[in-house]
Amino acid sequence: MKITEARLIVCSPDRNFVTLKLCTDEGIYGLGDATLNGRELAVASYLSEHVLPCLIGRDPFAIEDIWQTLYRGAYWRRGPVTMTAIAAVDVALWDIKGKALNTPVYNLLGGRSRQGVLVYAHANGKDIEEAVDSVRRHMEAGYLAVRAQCGVPGVAGSYGVPKGGKPYEPAERGLPGEGVWSTERYLNFVPSLFEKLRVDLGPEVHLLHDVHHRLTPIEAARLGKALEPYRLFWMEDPCPAELQESFELIRRHTTTPLATGEVFNSVWDAHELIRRQWIDYLRMSIVHGGGITHAKKTADFAALYHVRTGFHGATDLSPVTMAAALHFGLAIHNFGIQEHMPHTRLTDEVFPHEYSFAEGYMHPGDAAGLGVDIDEKLAAKCPYQRAYLPVARKLDGTLTDW
Ligand code: EZ4
Ligand code: CO
């Protein structure tokens with residue numbers, strides 16, 4: 001089999017997606033997601049100018065060799081643009097291989113290790129009452145795990161809280177929006193949210209919370225300790241993680257489980273975090289972390305240190321990535337949990353898929369390959385529109401981590 005065509009589909013069915021379609025001489029094609037939220041065309045151009053011309057004529061079964069060629073052969077290594085581009089090619093190749101062998105991708109990764117993939121939903125509210133209500137509604141819809149975010153009094157545009165009753169979607173068309181941030185107000189407030197959630201909703205539901213890189217290590221340590229009575233499933237991205245030993249300090253002070261890495265793009269961003277057991281869950285996703293090939297190696301390394309996966313799965317990760325993550329999560333032993341933020345109806349129409357949700361778990365379906373397709377005609381009716389993630393400023397105007 002040979003790769004005969006490599007095509008990019010850039011579309012915006014309510015939000016932007018970059019999708020790679022690899023076609024072969026046997027009529028089988030594979031899809032890969034190449035979406036990097038707010039930087040979409042950088043990846044598209046990296047692929048079209050530098051990667052796709054090198055794929056024509058290659059054997060799509062040679063996944064490892066193609067991965068190494070794109071990684072080592074570029075000389076310049078890693079970074080979100082490069083690793084997202086490599087991921088798109090890699091995932092499309094796994095899709096082709098599954099279809100060619102007439103088996104779902106999870107069978108190529110070791111086969112099923114479980115019945116379904118535990119997912120967590122996003123709940124939020126402008127105040128505690130609304131947030132508790134939102135968690136309750138997600139539990140009623142069948143979710144066993146729910147992330148809770150809440151407006152902080154005196155902090156306009158708090159992370160994770162939607163505007164005007166719409167589902168939460170951080171990227172906005174136009175130029176970057178600005179939110180306000182106050183660590184002091186946040187730290188004084190958040191424990192009361194989780195106290196109320198446990199009092200009202202009981203001990204069973206898995207509760208998660210995303211700090212979104214906004215604290216220093218010692219502040220995160222204080223929050224982790226304060227949240228211990230409410231037994232969180234995890235505290236996510238407590239502080240920026242470029243300095244991996246930041247987590248040593250947090251870890252020393254709290255038994256609240258820690259998750260990080262949605263902005264990571266290779267095992268090298270996390271190897272100290274894993275090796276020193278400073279985290280419990282790794283969030284680096286298939287799309288931003290070099291595809292299934294690199295995620296498998298990273299997860300196998302993490303398994304040696306009791307670290308489980310908890311992949312990023314917000315709406316900026318397309319249904320192609322969601323499908324890949326579900327095959328992966330069904331197969332590997334050290335799967336932990338998968339984020340699930342449902343796409344809009346229009347996105348789901350552009351990307352018809354086999355995966356489904358029932359009673360707290362998702363399943364990738366048993367179709368050959370990934371079980372996800374793209375409606376190119378509909379995609380063409382939804383042209384790309386420039387969009388950005390917001391930025392955040394402290395009360396005195398200093399730019400801070402969003
Ligand atoms: O900010 O997906 O856990 N989920 C998150 C998301 C991310 C966006 C970035 O593109 O933190 O809201
Ligand atoms: Co996050």
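Q: Contact means heavy atoms within 4.5 Å; which residues does E64 contact, once its neighbours within four places in sequence are left aside?
A: E64 is in contact with T293 and K297, leaving aside its neighbours within four places in sequence. This is a predicted model, in which local features need pLDDT of at least 70, side-chain atom pairs count only at pLDDT 80 or more, and totals for chains, interfaces and linings use all residues. Residues are numbered from 1 along each chain as its sequence is written, chains are lettered from A and ligands numbered from 1 in the order in which they are written, and side-chain values use heavy atoms, with hydrogens and water left out.

Q: What makes the pair E64 and K297 a polar contact?
A: The side chains of E64 and K297 are joined at 2.7 Å. A polar contact is a pair of N or O atoms within 3.5 Å; within protein, one atom must be able to donate a hydrogen and the other to accept it, and residues adjacent in sequence count only if both atoms are side-chain atoms. The value of 2.7 Å falls within the limit of 3.5 Å, so the pair E64 and K297 qualifies.

Q: Why is E64 called partly exposed?
A: Buried means under 20% relative accessible area, exposed over 50%, and partly exposed in between (1.4 Å probe, protein chains only). E64 has 36% relative accessibility, and therefore counts as partly exposed. E64 belongs to helix α2, helices being DSSP runs of H or I with at least four residues and strands runs of E with at least two, numbered from the N terminus.

Q: Why is D280 called buried?
A: The relative accessible area of D280 is 19%, so D280 counts as buried. D280 lies in the loop between α9 (271-275) and β11 (281-282). Leaving aside neighbours within four places in sequence, the contacts of D280 are R251, P257, L258, H306, V307 and R308. With R251, D280 also makes a side-chain polar contact of 2.7 Å.

Q: How do you know that P342 is exposed whereas P352 is partly exposed?
A: P342 has a relative accessible area of 52%, so P342 is exposed; P352 has 38%, so P352 is partly exposed. P342 lies in the loop between β13 (335-339) and α12 (345-350), and P352 in the loop between α12 and β14 (356-358). Neighbours within four places in sequence aside, P342 contacts Y143 and T315, while P352 contacts G371, V372, D373, I374 and D375. The C-alpha atoms of P342 and H122 are separated by 9.2 Å, although the two residues are 220 residues apart along the chain.

Q: What makes D14 and Y75 worth noting in their backbone angles, and how exposed is each?
A: Neither D14 nor Y75 is a glycine, yet D14 has a positive phi of about 80° and Y75 one of about 70°. D14 is placed in the loop between β1 (3-11) and β2 (17-24), and at 42% relative accessibility it is partly exposed. Y75 is placed in the loop between α2 (63-72) and α3 (80-100); with a relative accessible area of 63%, Y75 is exposed.

Q: What makes the charged ends of K21 and K99 count as sitting over the ring of Y29?
A: A charge sits over a ring if NZ of Lys or CZ of Arg is within 6 Å of the ring centre and within 35 degrees of the ring normal. The charged end of K21 is 4.1 Å from the centre of the Y29 ring, and that of K99 is 4.2 Å from it. Both values fall within 6 Å, and K21 and K99 are therefore counted as sitting over Y29.

Q: Which residues form an aromatic cluster with Y120?
A: Y120 forms one aromatic cluster with F233, W234 and Y281.

Conventions
Contact means heavy atoms within 4.5 Å. Rings of Phe, Tyr and Trp (its six-membered ring) pair if their centres lie within 6.5 Å; planes under 30 degrees apart count as stacked, over 60 as edge-to-face and the rest as tilted.
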